[in-house]
Amino acid sequence: MSSGREPIRVAIVGGGCAALTTAFELTKPEHQGRYEVTVYQMGWRLGGKGASGRGPHHRVEEHGLHLWMGFYENAFRLMRQAYEERNLALPHCRFASWRDAFKPAPDVGVADRAAGGWDFWMAHFPPGAGEPGDPTSGNPFTVTAYLRQSIILIGELLRSAGASDPKPQSSEGGAANASGAEGLAAAVAALLRYGQLATTTAILEGADLLRQAAEMFVPQFFSTVTSPLTQLIDALSVASRQQLAMLVEGNRDLRRVWQVIDLILAILRGSIRFGLAVDPRGFDAINDYDWREWLRMNGASEQSLDSGFMRGIYDLVFAFEEGDVTRPRLAAGVAMRGAMRMFFTYRGSLFYRMSAGMGDVVFAPLYQVLKQRGVQFKFFHRLRNVGLSAAQPGEAPYVQTLQFDIQARVKGGAEYQPLVDVHGVPSWPSQPDYTQLANGAALKRDGRSFEAAWEERHVGSQTLAVSKDFDLVVLGISIGALPSVARELIEHDPRWREMTRQVTTVATQCFQLWLKESTAELGWPHPPANVSGFVEPFDTWADMSHLVPEESWKEPVRSIAYFCSALPDAPGKGAEPTDAYHREQRQVVRENAIRFLDTDAGSLWPGSVRGGTFRWDLLATGDGGKALKGEQRFDTQHWAANLNPTDRYVQSLPGSVAHRISPLDMSFDNLTIAGDWTASGLDSGCIESAVMSGLLAAHALCGRPALSDIIGYDHP
């Protein structure tokens, strides 16, 4: 339905999660066609860092490992709406519901160093109430709510640890059921009358008093360093360190429980010491500290700080300065917010796996719905420059031009059709369909790298002008590409200069294996899981064997494994990668993977190694690899060095978060920004942060959605 007014033309540059979220919001029926949206995308597919493709045998080929978390409220709400709308318009698609496309993945592990190798701490997380994207009630996203939940968890863990104590000791008395703040203070004083919690029973009594404090919630207990609650936390911390010291060579599982107790106690002490419950900045007040540094300041032991649990969190967000794993750095506030959201607000499952590639599950349905709504997609358009208006006294600058290289043209001026059908699932191919392109055979023969920053070849150019071709602009490409395409914006605004300097990115590396034996046959004794904290250079592994039926293998494939980690930049070469540097780094990833499989795969899969080397015959190679022997068979698998500025992972290093600019900040009159590199309220490199940013960009342009409808945006 048209409103009868001239539509507002919106040029969206980039096709990642944030950009498409903005397009989705601007084209909702409630706007009655008010916004005419065109998406400009380099290459042949959408997705940004989340783009995937179907390669040989329809195998899914990703940029890395993509898992969704159960606290991704905004992202799941987007997908639920998209699947519902697509199913009404295109009911033939096999994934009819978001529940078909996303499956719970509740089994999670972290790797710990053990004598002579590695040990894996596995956990099965119970279902959270409801499903992500359900309507919310109340506001669980407050510092005080998190502190309460942390205290309750401490009690549960302490009781668990106490129950595991082979020699529990008794104390002279029990903890009284405290009544009111004064009663609680008296009970704490009585429990600590000897200065410490010397017995298991006393520790359990301390846990019970913590629980009572959480239920009672006396504000002054959470805002003063001399409160009875602080004294109790200090005493429990001393007791936890004593327990850890005794368990260094003892029960590994019990030691891990005490490590988590020690870390949560440090979080509680630090939150009270820094006044986070009453500071209007919330967790952002500690973003200048590294998380480990902040926890150490607040009493966490070195053993806990080097635990698999902590290393796994840093691995999860590639939190290594310049990709150097010896320099872990993660803004403490961002880490705290993410950890609290992850463990205390997930619904359904802690993690979700996608039932196909991320491109197939996320970007194909978004593309189809947006096409149905009338959004235009201009593929093979690479942004070259954002041109600003000439400075005028008293007038805010605005985007005057958008300059693009046209990388390829479609035959006869037709519209490029990007999707292919794989077993009833609309999917993106790993390579463009050259048969649709003018001079496609020559472009294919030339080996055009349409998604590569170093690819300069193009068949034409186009300059869009404000008022003539667009009214508003959404800049939705990643921050790594801004120095080359947004020079005028950066030169004009010092905040943009600081943002592009301070908000850093890191290259990543990944490889995928298709194996002829199941993980159980290879010796993995646990359910399918994703595991972090493992040995470098590939610290994260996920069993993705559920994808086997979605592919088209002639030979038997019994399991699929994804590995990923940060990739250090060679000195002086990361900022503007070249084709030669990419080839060099791709070879580095190959060598890393082969060395890893030969030396470390046996810790995961004992049956994958024979005679001290990896069993290369395990790899499913397809028809083209049958004659290959030994490590040559690895060349038939998928691996990547993600060096492109738009492919690099956006980090949240200490001191950097304050330099992010919000999509709500329209210092350039007709421009907003969208991406996980903006100030989104979550401020981390993840799908939820990107979707939140896209929602904020839509609000900046049209006032919707209401900020209160962006779940967690006003998070402390």
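## Strands, cores and salt bridges in a predicted model

Asp112 has Asp119, in strand 8, as its bridge partner. Helices (H or I, at least four residues) and strands (E, at least two) are DSSP runs, numbered from the N terminus. The model is predicted: local features need pLDDT of at least 70, side-chain atom pairs count only at pLDDT 80 or more, and totals for chains, interfaces and linings use all residues. Residues are numbered from 1 along each chain as its sequence is written, and side-chain values use heavy atoms, with hydrogens and water left out.

**Confidence.** pLDDT is the predictor's confidence in each residue, from 0 to 100. The protein chain has a mean pLDDT of 91. A value of 70 or more is reached by 91% of its residues. Residues 166-176 stay under 50. For this stretch the model has 20 contacts (heavy atoms within 4.5 Å) beyond four places in sequence.

**Strand 7 and its partners.** Two strands pair if DSSP finds at least two bridges between them. Strand 7 (residues 107-114) runs antiparallel to strand 8 (residues 117-124), and 8 bridges join them. Their hairpin has 2 residues between the strands, and Gly116 takes a positive phi near 80° there. Strand 7 also pairs with strand 19 (residues 530-532), in the parallel sense, over 3 bridges. In strand 19, Asn530 is the bridge partner of Val108. Strand 7 is mostly covered, with 6 of its 8 residues buried. Buried means under 20% relative accessible area, exposed over 50%, and partly exposed in between (1.4 Å probe, protein chains only).

Another part of the model has 3 strands in an open sheet, in the order 11-12-15, with antiparallel pairing. Strand 11 (381-388) and strand 15 (460-465) are the edge strands, each pairing on one side only. Strand 11 and strand 12 (residues 399-406) share 7 bridges. Leu388 has Val399, in strand 12, as its bridge partner.

**Nonpolar cores.** A nonpolar core is a set of buried Ala, Val, Leu, Ile, Met, Phe, Trp, Tyr and Cys residues joined through side-chain atoms within 4.5 Å. The largest has 148 residues. Val10, Trp68, Phe102, Trp291, Leu295 and Val362 touch the most other members. Helix 8 (residues 252-273) gives this core its largest share, 12 residues. Apart from it lies another core of 35 residues, including Trp605 and Leu618. Leaving out residues up to four places away in sequence, Val362 touches Trp68, Met79, Phe102 and Met354.

**Salt bridges.** A salt bridge is a side-chain nitrogen of Lys or Arg within 4 Å of a carboxyl oxygen of Asp or Glu. The whole structure holds 38. The table lists examples.

| Asp471 | Arg9 | 3.2 Å |

Asp471 is partly exposed, at 24% relative accessibility.

Glu131 sits in the loop between strand 8 and helix 4 (143-164), and Arg99 in helix 3 (residues 98-101), 32 residues apart. Glu131 is partly exposed at 24%, and Arg99 is partly exposed at 42%.

Arg501 and Glu498 both lie in helix 17 (residues 494-502), 3 residues apart, about one turn of the helix. Arg501 is exposed at 56%, while Glu498 is partly exposed at 26%. Elsewhere, salt bridges that share partners join Asp112, Asp119, Arg256 and Arg311 into one network.
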